[in-house]
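Visitor: Could you take me through one part of this protein, slowly and closely? I would like to see how the pieces there sit against each other.

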Amino acid sequence: VTMADLFVAFLAGLLIIPAMYVAAHKGTQIYDDAGNLFSGADLIFQVLPQLFDSLGTWGLLLLVVFFILMSLAALTSSISMMEVPVSYLVDNRNVPRKTAAWVVGIVFWLISIIITVNAEWLFGLIVTATNEYSQPLLGLVICIFVGWVVNRNIILEELAQGNPNIADSLFMKVWPFFIKFVTPILVLLVFLNAFIRL
C-alpha cells in the first residue's frame with residue numbers, strides 16, 4: 001500500500017508541475033488573488049480541468065489518466081487510514097476483523113458523504129486542516145513517540161520480523177539520530193510555516 005501510494009503520488013507530481021506552466025502559457029489562471037500559486041482543491045478541480053480542456057483529444061486522455069491516478073492515490077491512502085482504527089478495534093476491543101473493517105468503513109463513508117454534500121465550504125476547509133496542520137502535527141508526535149518514548153528493543157523486534165539482520169545494519173545506526181533530532185526539527189518547520197502564512 002505504501003509503495004503504491006508513493007508511486008501514484010510521484011506520477012501525479014510529474015504530471016502536475018509541468019501542467020501548471022503549460023496552463024499559464026495557454027492563458028489559464030494559475031495564481032489566486034493574493035498572487036499565490038493555486039494548490040490543493042483549487043488546483044485539482046479548477047486549473048487542471050481547464051488545462052486538459054484546452055489540449056483537445058490528448059487533454060481528455062490525460063484527464064482520464066490523471067483522475068484514475070488520483071482515485072488510486074485516494075484508495076490506497078484510505079486503506080492505510082482505515083487500518084489504524086480497525087487494528088485498534090481488533091487488538092484492544094476484541095472485535096472480529098471483518099466487523100471492525102465494516103464499522104470503520106461505514107463511518108468513513110458517512111463522513112465522506114457529509115463532506116461531499118457540503119463540498120463548497122467544507123472540502124477546502126478539510127483539505128487545509130489536514131494537509132497544513134494535522135499531518136505535520138501528527139508527524140511530529142510520531143517522531144517524538146518513536147524516537148523518545150518507545151523502547152529501542154521493541155522497535156528492533158518489529159523491524160526484525162521483516163529483516164532479521166536489521167540490528168547490525170547502517171539503517172539502525174543512522175535512523176535513531178534522524179528520528180530523534182533531524183526529522184522533528186524539519187517537521188516542526190513545516191508546521192510553523194503553516195501558521196506564518198496565516
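Guide: Let's start with a crossing: α5 passes α7 in a left-handed way. Keep in mind as you look that this is a predicted model. Helix α5 covers residues 119–149 and helix α7 covers residues 170–196; their axes come within 9 Å and cross at roughly 160°. Angles over 145 degrees count as roughly antiparallel, and that makes α5 roughly antiparallel to α7.

Now zoom in on the side chains. On the α5 side, the residues that meet α7 include Tyr133, Pro136, Leu137, Leu140, Cys143, Val146 and Trp148. Among their partners in α7 you can find Trp175, Ile179, Phe181, Pro184, Val187, Leu188, Phe191 and Phe195. Glu132 of α5 and Lys180 of α7 belong to this contact too. Sorted by class, the contact of α5 with α7 has 17 nonpolar, 3 polar and 2 charged residues.

Helix α5 has another neighbour to visit. The axes of α4 (residues 97–117) and α5 come within 6 Å, crossing at roughly 120°. These two helices are therefore oblique to each other. From α4, the contact takes Ile114, Ile115, Thr116 and Val117, while α5 brings Ala119, Leu122, Phe123 and Ile126. Here the residues divide into 7 nonpolar, 1 polar and no charged.

Is Leu156 buried or exposed? Its relative accessibility is 15%, and buried means under 20%, so Leu156 counts as buried. Leaving out residues up to four places away in sequence, Leu156 touches Ile166, Ala167 and Met172. Follow the chain from Leu156 to Ile166, 10 residues apart, and you will find their C-alpha atoms separated by 7.5 Å.

One last stop takes us to the largest nonpolar core. Of its 14 residues, those touching the most other members are Ile16, Met20, Leu43, Val47, Leu48 and Phe66. The elements giving two or more residues to this core are α1 (2–25) and α2 (40–54), and α2 gives the most, with 6 residues.

How values were computed. Residues are numbered from 1 along each chain as its sequence is written. This is a predicted model: local features need pLDDT of at least 70, side-chain atom pairs count only at pLDDT 80 or more; totals for chains, interfaces and linings use all residues. Side-chain values use heavy atoms; hydrogens and water are left out. Axes are lines fitted to C-alpha atoms, for helices over the stretch in contact, and angles run from 0 to 180 degrees between N-to-C directions. Helices (H or I, at least four residues) and strands (E, at least two) are DSSP runs, numbered from the N terminus. Angles under 35 degrees count as roughly parallel, over 145 as roughly antiparallel, 65 to 115 as roughly perpendicular and the rest as oblique. A crossing is left-handed if the near helix is turned anticlockwise from the far one by less than a right angle, and right-handed if clockwise. Contact means heavy atoms within 4.5 Å. Ala, Val, Leu, Ile, Met, Phe, Trp, Tyr, Cys and Pro count as nonpolar, Asp, Glu, Lys and Arg as charged, and the others, Gly among them, as polar. A nonpolar core is a set of buried Ala, Val, Leu, Ile, Met, Phe, Trp, Tyr and Cys residues joined through side-chain atoms within 4.5 Å. Buried means under 20% relative accessible area, exposed over 50%, partly exposed in between (1.4 Å probe, protein chains only).
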